[in-house]
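Me: I am new to this structure. Please show it, then walk me through it in short questions and answers.

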Amino acid sequence: MFQLGKTIVSEDIIEKEFVCNLSACKGKCCIDGEAGAPLEEEELQILLDIYPKVKPFLRAEGILAIENQGLFITNEGEYETPLIDNKDCAYVFFDKKNTAKCGIEEAYNQGVIDWKKPISCHLYPIRIMEYSEFSAVNYHKWPICDDACSLGKELQVPVYKFVKESLVRKFGEDWYSELEKVAKNHKV
């Protein structure tokens, strides 16, 4: 672990390699698991604002789940996306290859909205734990992402480089520049 500003960062994000391999995993991270995607409090209003524009990109089951549960739910005091039958994220749709994709991100990609998706999804496989004095930045190892780990190793892409855009979005350019300096000097 090392400290960057008000963050404590796991060395795994510079030592481990990762590149999403949707053709292999079919987007399982959006349809497997025990809970919806974690949401930050400031993202709740964004979801309220963009939902009418995102709704056309969603499946009927997702729309029904959102209408029944709300645009977000609270689970053990934390905000997260609702699920369809305790499985798929309500914001998921499936493409022609039966790959799970994010309806929010699809609306963004098509220029309908200017918010890509929840930061927790954008950062994955990095997970952030917020504490009163600092944020913990950790690599989350999940067996459904083994193909992403293999592809990352093959392409020699460390986790922090794979999620550069989202790390900059979360912590800023200066923070990311400092992370690059640490990574350059880090010996595995």
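Reply: Start with a term. Buried means under 20% relative accessible area, exposed means over 50%, and partly exposed lies in between, using a 1.4 Å probe and protein chains only. This is a predicted model: local features need pLDDT of at least 70, side-chain atom pairs count only at pLDDT 80 or more, and totals for chains, interfaces and linings use all residues. Residues are numbered from 1 along each chain as its sequence is written, and side-chain values use heavy atoms, with hydrogens and water left out.

Me: Is Glu106 buried, partly exposed or exposed?
Reply: Glu106 is found in helix H5, residues 103-109. Helices (H or I, at least four residues) and strands (E, at least two) are DSSP runs, numbered from the N terminus. The relative accessibility of Glu106 is 22%, so Glu106 counts as partly exposed.

Me: Which residues is Glu106 in contact with, leaving aside its neighbours within four places in sequence?
Reply: Contact means heavy atoms within 4.5 Å. Leaving aside neighbours within four places in sequence, the contacts of Glu106 are Phe57 and Phe93.

Me: Which side chain makes a polar contact with the side chain of Thr7?
Reply: Thr7 lies in strand E2, residues 7-9, and at 4% relative accessibility it counts as buried. A polar contact is a pair of N or O atoms within 3.5 Å; within protein, one must be able to donate a hydrogen and the other to accept it, and residues adjacent in sequence count only if both atoms are side-chain atoms. A polar atom of the Thr7 side chain lies 2.5 Å from the backbone oxygen of Leu4. The side-chain partner, at 2.9 Å, is Trp175.

Me: Where is Ala90, and what is its relative accessible area?
Reply: Ala90 sits in the loop between strand E7 (88-89) and strand E8 (92-94). Outside four places in sequence, its contacts include Leu58, Gly62, Ala65 and Leu83. Ala90 is buried, because its relative accessible area is 0%.

Me: How many Å apart in space are Ala90 and Lys184, C-alpha to C-alpha?
Reply: In sequence, Ala90 and Lys184 are 94 residues apart. In space, C-alpha to C-alpha, they are apart by 40 Å.

Me: Which side chain makes a polar contact with the side chain of Asp88?
Reply: Asp88 lies in strand E7. Asp88 is buried, with a relative accessible area of 10%. Its contacts beyond four places in sequence include Cys30, Leu83 and Phe94. The polar contact, at 3.0 Å, is with Arg59.

Me: Is Leu83 buried or exposed?
Reply: Leu83 is found in strand E6, residues 83-84. Leu83 touches, among others beyond four places in sequence, Glu34, Gln69, Asp88 and Ala90. At a relative accessible area of 9%, Leu83 is buried.

Me: Which residues of helix H9 are buried?
Reply: Helix H9 spans residues 164-171. The cover over its buried residues includes helix H6 (119-123), strand E10 (126-130), helix H8 (159-162) and helix H10 (173-185). After H9 comes Gly172, whose phi is positive, near 100 degrees. The buried residues of H9 are Ser166, Leu167 and Val168.

Me: What volume does the largest cavity have?
Reply: A cavity is a set of points on a 1 Å grid over the protein atoms alone where a 1.4 Å probe fits but cannot get out; lining residues have an atom within 4 Å of a point. Grid points are joined across faces, edges and corners, and a volume is the space filled by probe spheres set on the points. The structure holds 1 cavity of 30 Å³ or more. The largest has a volume of about 90 Å³.

Me: How many disulfides does a search of the whole structure find?
Reply: A disulfide is a pair of cysteine sulfur atoms within 2.5 Å. The number found is 0.

Me: Which cysteine sulfur is nearest to that of Cys20?
Reply: Cys20 is in no disulfide. It is partly exposed, at 39% relative accessible area. The nearest cysteine sulfur, 6.3 Å away, is that of Cys29.

Note on methods:
1 Å grid on protein atoms, 1.4 Å probe; cavity = no way out; pocket = protein on both sides within 12 Å on 5 of 7 lines; lining within 4 Å.
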